[in-house]
Amino acid sequence: MSKQSAIIVPENCKRVLLHACCAPCSSAIVEWLLAHQIEPVIYYFNPNIYPSEEYEKRKNESKRHAESLGVQWIDDDPCHEQWLCAVKGLEQEPERGKRCEACFYFRLLATARKAQESGIEWFATTLASSRWKNLEQVNAAGERAAQAVSRQSSVVRFWAQNWRKDGLQERRNALLKEYGFYNQTYCGCEFSLAASHERA
């Protein structure tokens with residue numbers, strides 16, 4: 001890899017469980033991983049997404065993308081009610097506030113557990129590529145999730161990375177058009193949906 005690259009591959013990382021928030025955000029990342037001989041396993045766990053019709057749209061697009069590339073794709077129970085419990089009391093927090101921190105941790109903790117269960121040492125998330133997310137919050141949640149799950153006999157590691165670098169943001173936009181992906185207009189939960197309506 002070029003020394004100028006802003007994406008640093010962890011040592012001995014040949015396989016990664018990639019938590020995917022949606023197809024548009026994961027497309028360029030998956031392409032980059034494959035080009036660098038790293039096997040992505042896409043993990044779709046997004047219980048924050050509301051309403052259910054929106055959840056199904058995003059899930060189906062993620063699955064379609066994975067199938068087009070022959071990449072393993074794992075769908076997990078959306079459990080929206082459990083997610084609501086995880087962010088209880090934070091409903092009125094602004095975007096990029098404490099509710100988002102709790103949301104990231106809830107989803108990445110499940111990802112870390114799935115990585116451990118699947119025997120995959122490294123996990124990452126496409127949340128780090130979204131324009132709606134705070135990268136520091138995402139990375140802190142990922143590191144915390146890895147620490148919570150790791151045991152001496154079974155360690156999982158979070159690949160903290162700014163996936164907007166190395167032209168991946170531009171490539172994301174190109175792939176969005178190439179695949180004709182459904183491109184959502186809000187982060188996902190009912191609270192971010194309400195905030196998007198207020199901005200409109």
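Two strands count as paired if DSSP finds at least two bridges between them. In this predicted model, pairing of that kind builds an open sheet of 5 strands, in the order β3-β2-β1-β4-β5, with parallel pairing. The strands β3 (73-75) and β5 (157-158) stand at the edges, and each has a single partner strand, so one side of each is left without a neighbour in the sheet.

Start with β1, residues 15-19. On one side, β1 pairs with β4 (residues 122-125) over 4 bridges, in the parallel sense. Here valine 16 stands opposite tryptophan 122. In β2, the bridge partner of valine 16 is proline 40. Between β1 and β2 the chain passes through helix α1 (residues 23-35), making a right-handed β-α-β crossover.

Strands β2 and β3 are parallel and share 3 bridges, with tyrosine 44 opposite aspartate 75 in β3. The chain gets from β2 to β3 through helix α2 (residues 52-69), and this β-α-β crossover is right-handed.

In soluble globular proteins, nonpolar side chains tend to be buried together. The largest nonpolar core here has 61 residues, and valine 16 is one of the members that touch the most others, a group that includes Leu17, Trp32 and Phe123. Helix α4 (residues 98-118) gives the most to this core, with 11 residues. Leaving aside residues up to four places away in sequence, the contacts of valine 16 include Leu33, Ile38, Val41, Ile120, Ala124 and Trp159.

Methods. Residues are numbered from 1 along each chain as its sequence is written. This is a predicted model: local features need pLDDT of at least 70, side-chain atom pairs count only at pLDDT 80 or more; totals for chains, interfaces and linings use all residues. Side-chain values use heavy atoms; hydrogens and water are left out. Helices (H or I, at least four residues) and strands (E, at least two) are DSSP runs, numbered from the N terminus. A nonpolar core is a set of buried Ala, Val, Leu, Ile, Met, Phe, Trp, Tyr and Cys residues joined through side-chain atoms within 4.5 Å. Buried means under 20% relative accessible area, exposed over 50%, partly exposed in between (1.4 Å probe, protein chains only). Contact means heavy atoms within 4.5 Å. A crossover is right-handed if, with the strands pointing away from the viewer, the path from the first strand over the helix to the second runs clockwise.
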